[in-house]
Amino acid sequence: MSHGKNERMFVRLTKSQRIQHVILFVSTGLLILTGFMLMGERWVIDMFGSAGNEIFYWRGIVHRIAGVAVTLVCLYHLGYVVVQEEGRSWIKDMLPRLSDATHASQNVSYMLGFREARPKMERFTYIEKVEYFSVYFGMFIVIVTGTMMWTEQYWPKFWLDVADAFHLGEATLAALAIIIGHIFSVHYNPHVYPMNKAFIDGKISESMMKEEHGLWYERELERLAAEEAEAASEGNNNA
Ligand code: HEM
């Protein structure tokens, strides 16, 4: 697929969505790093001695600060999809539909070579919807269990063990999903290699719109044409 330099671009992520995403991925990155560091604690302390203790003291603080940041951005996002117009349109387009199942089976047929073309998909593909709602599920688990471990003096040992098991299980799942799934679809997908820059500039090229979000592309063209027609008729009225 060619991506000409002068291609028409469409808005994929607004400024607010990009800011929420940056906070989410920076804090999740720090949480993965400082959480899994615990597995090498003995090794680091043996190697660095008292400096190792210092590193692990700060590890705990950074994990908690990033935990608060991720909790706040999740709460903000919940408010955003309920209260703000832009957020309501986001969640409306993100909700699962029957057509997602059709697109999933058509896309699998295409990938297996039984279909000539990819199905035309909506603003969010069935894969993006699964990824998005997995973050709700995962964040709920790590926030609840992380808060329990943070306030360990108030919990019986049994519940702390349960919290720890769920926290570690979900953290492992999230780290693998991000490293394998997200990095593949955002970086190594041949259509976007070496990187999909939409999370920085919020833009998507016309060729990618057509390829990955064909139905949304058609709706956007209609919407933009209607907007242009309205602006032109207003211009005529004012003249
Ligand atoms: C994507 C998000 C997160 C990841 C990947 C993650 C990862 C981890 C990992 C791997 C551990 C070690 C568990 C073990 O060895 O048994 C851990 C422990 C812990 N996590 Fe998280 N975590 C996340 C979110 C949070 C949040 C949101 C909070 C707080 C609200 C939190 C608070 C804690 C606490 C208190 C511990 C106990 C160990 C310590 O003192 O640091 N975590 N986390």
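Tutor: Two residues are in contact if their C-beta atoms, placed from the backbone, lie within 7 Å. The model is predicted, with local features requiring pLDDT of at least 70 and side-chain atom pairs pLDDT 80 or more, while totals for chains, interfaces and linings use all residues. Residues are numbered from 1 along each chain as its sequence is written.

Student: Which residues of helix 6 meet helix 7?

Tutor: Helices are DSSP runs of H or I with at least four residues, numbered from the N terminus. Under the contact criterion, the residues of helix 6 that meet helix 7 include Gly138, Val142, Thr145 and Met149, and their counterparts in helix 7 include Ala163, Phe166, His167 and Ala174. By class, this contact has twelve nonpolar, six polar and three charged residues. Ala, Val, Leu, Ile, Met, Phe, Trp, Tyr, Cys and Pro count as nonpolar, Asp, Glu, Lys and Arg as charged, and the others, Gly among them, as polar.

Student: What angle and axis distance describe the packing of helix 6 and helix 7?

Tutor: The angle is about 145 degrees and the axes are 9 Å apart. Axes are lines fitted to C-alpha atoms over the stretch in contact, and angles run from 0 to 180 degrees between N-to-C directions.

Student: Why is Thr145 called buried?

Tutor: A residue is buried if 20 or more other C-beta atoms lie within 10 Å of its own, exposed if 12 or fewer, and partly exposed in between, with C-beta atoms placed from the backbone. Thr145 has 22 such neighbours and therefore counts as buried. Thr145 is in helix 6 and touches Ala163, Phe166 and His167, leaving aside residues up to four places away in sequence.

Student: Why is Ile91 called partly exposed?

Tutor: Ile91, in helix 4 (residues 85–94), has 14 C-beta neighbours inside 10 Å, so Ile91 counts as partly exposed.

Student: How do you know that the span of helix 3 is close to the expected one?

Tutor: The expected span is 1.5 Å times one less than the number of residues. Helix 3 has 34 residues, and its reach of 50 Å from first to last C-alpha is close to the expected 50 Å. Ala66, Gly67, Val70, Val73 and His77 of helix 3 are buried, and their cover includes helix 1 and helix 6.

Terms used: Helix = DSSP H or I, 4+ residues; strand = E, 2+ residues; numbered from the N terminus.
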